[in-house]
Amino acid sequence: MEKFTSLLPQHPGYLPYFLIYESLAAAIHAVVCYRAAPTAALRQFSGPEAPPPHALLAHVYGVKNFYTSLIRLYAAYHITNPQVYDLAMWSFVGVLFLYITEVFVYKCARVQEASFPYVLAGSGLVWIITQRDWYLSQS
């Protein structure tokens, strides 16, 4: 068990663990976007104006998930670095922007499919903003 815990971030607080969870979720979905059928990878984009699922669209979304995963994973281990911390914060802003515009502007997604990203990205954004001073003072 000690071997496993040595792989986890050695910073106080729970935000680094949340970032690891978010990173793993994004990485898994990136793999799904490349390996599964586009209909499975793009299930959350099934609104009234959604384009037909296509492999290229799934791959682009997979790339977005991959770099989001890397940003959050790096931030989990370097949470006291202000530039990395801000980059992780902006990754949550990006996810919220994506789903807000897809639901309310482009109508490519529905609220029911976007509710999980709204909750996770919204709570992650609030958490990362409110704890910024504390984590950056830990260096």
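**Salt bridges, burial and surface**

Biologist: Which side chain meets that of Arg132 in a salt bridge?

Modeller: A salt bridge requires a side-chain nitrogen of Lys or Arg within 4 Å of a carboxyl oxygen of Asp or Glu, and at Arg132 the N to O distance is 2.8 Å. The pair links distant parts of the chain, 46 residues apart, with Arg132 in helix H7 (residues 132–136) and its partner in helix H5; helices (H or I, at least four residues) and strands (E, at least two) are DSSP runs numbered from the N terminus. The side chain that meets Arg132 is Asp86.

Biologist: What pLDDT must side-chain atom pairs reach in order to count?

Modeller: Residues are numbered from 1 along each chain as its sequence is written, and side-chain values use heavy atoms, with hydrogens and water left out. This is a predicted model, in which totals for chains, interfaces and linings use all residues, local features need pLDDT of at least 70, and side-chain atom pairs count only at pLDDT 80 or more.

Biologist: Is Asp86 buried, partly exposed or exposed?

Modeller: With a 1.4 Å probe and protein chains only, buried means under 20% relative accessible area, exposed means over 50%, and partly exposed lies in between. Since the relative accessibility of Asp86 is 23%, the class that applies is partly exposed.

Biologist: How many salt bridges does the structure hold?

Modeller: Among them is the bridge between Glu22 and Arg72 (3.0 Å, N to O), a pair 50 residues apart that joins helix H2 (residues 15–35) to helix H4 (residues 55–77), both residues being buried. Another is formed by Arg110 and Glu113, whose closest N and O atoms are 2.5 Å apart; Arg110 is partly exposed because its relative accessible area is 38%, whereas Glu113 counts as buried because its relative accessibility is 17%. For the structure, the number of salt bridges comes to three.

Biologist: Which side chain of opposite charge is nearest to Glu102?

Modeller: Glu102 lies in helix H5 (residues 82–104) and is buried, yet has no salt bridge. Leaving aside neighbours within four places in sequence, its contacts (heavy atoms within 4.5 Å) include Phe45, Cys108 and Ala109. The nearest side chain of opposite charge is 11 Å away and belongs to Lys107.

Biologist: How much accessible area do the residues of the nonpolar patch with Val111 have together?

Modeller: Patches are made of residues with over 30% relative accessible area and no salt bridge, like charges being joined within 9 Å and nonpolar side chains (Val, Leu, Ile, Met, Phe, Trp, Tyr) within 5 Å. Val111, in helix H6 (residues 111–130), is partly exposed because its relative accessible area is 46%. With Ile100, Phe104, Val105 and Tyr106, Val111 forms a surface patch; areas come from the Shrake-Rupley method with a 1.4 Å probe, and for residues only the protein chains shown count as cover. The accessible area of the patch is about 510 Å².

Biologist: What share of the chain's residues is buried?

Modeller: The chain comes to seven helices and zero strands, and its C-alpha atoms fill a box of roughly 45 × 30 × 25 Å along the principal axes. Of contacts between residues at least 6 apart in sequence, 70% join residues at least 24 apart. Among the 139 residues of the chain, the buried share is 39%.

How values were computed
Lys and Arg count as positive and Asp and Glu as negative; His and the chain ends are not counted.
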